[in-house]
Amino acid sequence: MKKGWLIYTEYEARRNEFFIGKLTSAARKYGLELKLLLREKIALSVENDHTALVYEGKKQNDACFAVMRVNDFTLSFQLEKGGLRVFNRAETAQICNDKYLSYLFANSLGIPTLDTFLIDKNTSGWQDVNKNLFPLVAKPLDGKGGKDVRMLDTYGNFLSMAKNYGDRFLLQKVAGNRGVDVRAYCIGGRFFTAIKRASLTDFRSNYCLGGSAEPFVPDEKLMQIIEKILSNLKTDYVGIDFVFDDGKPYFNEMEDAVGARTVYNLTDLDPADAFIKYVSENI
């Protein structure tokens with residue numbers, strides 16, 4: 001029986017007990033053993049020209065693959081260099097977990113993105129944002145779930161917010177269709193399903209923030225964009241989000257350790273089973 005590690009932070013493991021149960025149950029179904037490791041208890045090193053992972057004080061070397069449910073490029077990269085098949089790959093995790101890198105990736109493929117400005121407070125002139133562009137949305141580079149995403153109506157709001165918002169973040173044009181987005185769930189480099197999310201009270205459409213959701217069937221134009229992304233980036237299990245301006249889709253972000261609550265709540269699909277089946281066929 002092939003053994004693998006399922007890696008979560010302590011906080012996310014508590015929040016995702018249902019999905020962890022689905023993943024481990026599917027692993028048994030497909031002849032795999034999946035062991036939960038908490039990121040806070042992992043220590044990494046390079047010793048005697050070899051990489052090492054220590055968990056709760058003991059060196060670990062009993063896995064041939066890892067399912068990463070944390071945003072940690074360094075850990076993904078080390079596991080890959082140690083010979084493990086990592087889901088998602090380190091390169092994918094790096095692009096997904098840096099919003100500006102993901103916009104550069106989409107731009108390189110000719111996929112529309114909303115106008116986005118990288119703010120770096122370590123550089124001179126970072127405050128030189130055109131005042132006429134507001135309102136704009138502020139986003140952390142590595143944020144997820146709508147956390148710390150803020151609407152800035154004026155330049156003054158921007159200056160006030162920036163004092164306690166970290167050294168590097170994004171400012172982005174507000175989508176014309178506020179509070180609406182579509183998430184395409186993709187498994188094994190293929191489209192799996194899509195969910196449309198909406199909020200009548202918040203410009204953020206995230207389901208976890210109280211928005212509504214419903215199954216969604218992408219039209220031909222949106223499917224072409226999804227397939228272009230998947231054909232140019234080796235993905236195992238990701239969520240690709242799109243916002244809309246005057247009905248036109250714009251790439252918004254790509255989530256690496258994507259959640260699946262809405263899929264289970266709204267459909268009869270089982271993304272954990274489909275994902276682990278794919279894992280069993282690719283290790």
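**Ground rules.** I am reading a predicted model, in which local features need pLDDT of at least 70 and side-chain atom pairs count only at pLDDT 80 or more, while totals for chains, interfaces and linings use all residues. Residues are numbered from 1 along each chain as its sequence is written, and side-chain values use heavy atoms, with hydrogens and water left out.

Cys96 counts as buried at 6%, whereas Cys64 is partly exposed at 32%.

**The parallel sheet.** Helices (H or I, at least four residues) and strands (E, at least two) are DSSP runs numbered from the N terminus, and two strands pair if DSSP finds at least two bridges between them. I traced an open sheet of four strands in the order β2-β1-β6-β7, with parallel pairing. At its edges stand β2 (32–38) and β7 (85–87), each with a single partner strand, so one side of each is left without a neighbour in the sheet. From one strand to the next the twist averages 25 degrees, where axes are lines fitted to C-alpha atoms, for helices over the stretch in contact, and angles run from 0 to 180 degrees between N-to-C directions. Strand β1 (residues 2–8) pairs with strand β6 (residues 65–68) in the parallel sense over four bridges, and Leu6 has Val67 in β6 as its bridge partner. Helix α3 (residues 73–81) packs on this sheet and touches β1, β6 and β7, its direction making about 165 degrees with that of β6; contact here means heavy atoms within 4.5 Å.

**The antiparallel sheet.** I then followed four strands that form an open sheet in the order β8-β11-β9-β10, with antiparallel pairing. Here β8 (116–120) and β10 (150–152) stand at the edges, and each has a single partner strand, so one side of each is left without a neighbour in the sheet. Neighbouring strands of this sheet are turned by 30 degrees against each other on average, direction ignored. Five bridges join β8 to strand β11 (residues 168–173), and Ile119 stands opposite Phe169 in β11. Helix α5 (residues 99–108) packs on the sheet, where it touches β8, β9 (136–140) and β11, and its direction makes about 50 degrees with that of β11.

**Cores.** Which residues have the most contacts inside the largest nonpolar core? I noted Trp5, Ile7, Leu23, Leu79, Phe275 and Ile276, in a core of 42 residues; such a core is a set of buried Ala, Val, Leu, Ile, Met, Phe, Trp, Tyr and Cys residues joined through side-chain atoms within 4.5 Å. A second, separate core of 26 residues includes Leu141, Val238, Phe242 and Phe251. Leaving out residues up to four places away in sequence, Ile7 touches Leu37, Ile42, Val67, Met68, Arg69, Val70, Leu75 and Leu79. Helix α9 (residues 271–280) has seven of its ten residues buried, so it is largely enclosed by the rest of the structure; Phe275 and Ile276 are among the buried ones, as is Asp273.

Asp181, in strand β12 (residues 180–187), is buried at 4%, and its side chain makes a polar contact with the side chain of Arg197 at 2.6 Å. By polar contact I mean a pair of N or O atoms within 3.5 Å; within protein, one must be able to donate a hydrogen and the other to accept it, and residues adjacent in sequence count only if both atoms are side-chain atoms. Glu40 lies in the loop between β2 and β3 (42–47) and is partly exposed at 48%. Its side chain reaches the backbone nitrogen of Glu10 at 3.0 Å.

Most residues other than glycine have a negative phi, and most peptide bonds are trans. I found a cis peptide bond joining Phe87 and Asn88, with omega about 0 degrees, and another joining Phe134 and Pro135, with omega about 10 degrees. In the loop between β3 and β4 (50–55) lies Asn48, whose phi is positive, near 50 degrees. Asp49, also placed in the loop between β3 and β4, has a positive phi of about 70 degrees. Asn48 counts as exposed at 70%, and Asp49 counts as exposed at 77%.

Conventions:
Buried < 20%, exposed > 50% of the residue type's maximum accessible area, 1.4 Å probe, protein only.
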